[in-house]
Amino acid sequence: LLLMPLKKKYALAFSVEAQEGGKVDNAEVSVVEADTQRQIGRKPLTNGSGAMEFEAEPQSKLELVASAPGRINDKQALTDATNYVFKLARRVDRGKIGVAVKAQRGRKVAKATVLVNEGGKELSRATTDDKGLAELDFEFSDPRSLILEVHHGAYQARRTPFQLPRDK
């Protein structure tokens, strides 16, 4: 007689919210074994909500981990509950860049306004000196949505995405 341990089936529903309120886009919830951190299941969520089924050994200690770009992960132990709500705090990093502004023919541009934006929100602003140089210090949460803008009355405004620390 061979005894096979039965796996327990779990059906769970998730909601991932921002700590400041509202649902989090591009979130996902993973089921991991607490001891080994081995992933058993993963579910990308639509508009911060979703459901998932998975099987695991009944005695295994499981954790649910919610994550999203630009956010700090949140963990909860798997209990008998079927609904879980996660609150993700915004991840904040510091950035510092130096910018040299030059005209198309290579001349340095003084008194140009340089901005760093993240998703349309202004993070930092500086004005170039006589050598066309400016330095900006800022805090950001999603490095993929950083935009550098340069404005000067005599020139066409320029916008470009950039990545820290790769771009110069």
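Student: Let's start with Tyr10: buried or exposed?

Tutor: Relative accessible area settles that: under 20% is buried, over 50% is exposed, and partly exposed is in between (1.4 Å probe, protein chains only). Tyr10 has 12% relative accessibility, so Tyr10 counts as buried.

Student: Before we go on, what kind of model is this?

Tutor: Residues are numbered from 1 along each chain as its sequence is written, and side-chain values use heavy atoms, with hydrogens and water left out. Local features need pLDDT of at least 70, side-chain atom pairs count only at pLDDT 80 or more, and totals for chains, interfaces and linings use all residues; the model is predicted.

Student: Okay, aromatics. How many pairs does a search of the whole structure find?

Tutor: Rings of Phe, Tyr and Trp (its six-membered ring) pair if their centres lie within 6.5 Å; planes under 30 degrees apart are stacked, over 60 edge-to-face, and the rest tilted. With that rule, the number of aromatic pairs in the whole structure is four.

Student: What geometry do Tyr10 and Phe54 have?

Tutor: You need two numbers here: a pair of aromatic rings is described by the distance of the centres and the angle of the planes. The centres of Tyr10 and Phe54 are 5.0 Å apart and the planes sit at 15 degrees, so this pair is stacked.

Student: How many residues apart in sequence are the parts that this pair ties together?

Tutor: Strands here are DSSP runs (E, at least two residues; helices are H or I, at least four), numbered from the N terminus. Tyr10 is in β1 (residues 8-18) and Phe54 in β4 (residues 49-56), so the parts they tie together are apart in sequence by 44 residues.

Student: What relative accessible area does Phe54 have?

Tutor: Phe54 is on the buried side of the cut-off. Its relative accessible area is 7%.

Student: How are the planes of Phe138 and Phe162 arranged?

Tutor: Their centres are 6.4 Å apart. The planes make an angle of 90 degrees, and the pair is edge-to-face.

Student: And which parts of the chain does that pair tie together?

Tutor: Phe138 is in strand β11 (residues 133-140), and the two residues are 24 apart in sequence. Phe162 sits after β13 (155-161), so the pair ties β11 to the segment after β13.

Student: Which residues make up the covered face of β11?

Tutor: In a regular strand the side chains alternate between the two faces of the sheet. In β11, the uncovered face has Leu133, Glu135, Asp137 and Glu139. The covered face has Ala134, Leu136, Phe138 and Phe140.

Student: Now pockets. What is the volume of the largest pocket?

Tutor: On a 1 Å grid over the protein atoms alone, a pocket is an open set of points where a 1.4 Å probe fits, with protein on both sides within 12 Å along at least five of seven lines; lining residues have an atom within 4 Å of a point. Points are joined across faces, edges and corners, and the volume is the space filled by probe spheres set on them. For the largest pocket that comes to about 730 Å³.

Student: Which strand gives the most to its lining?

Tutor: The lining has 24 residues, and those closest to the centre are Ala100, Val101, Lys102, Val150 and Arg158. β8 (93-100), β12 (146-152) and β13 each supply at least two lining residues. With six residues, the strand that gives the most is β13.

Student: What is the volume of the second largest pocket?

Tutor: This pocket is lined by 14 residues, and among those nearest its centre is Val24. Val24 lies in the loop between β1 and β2 (28-33). The volume of the second largest pocket is about 240 Å³.
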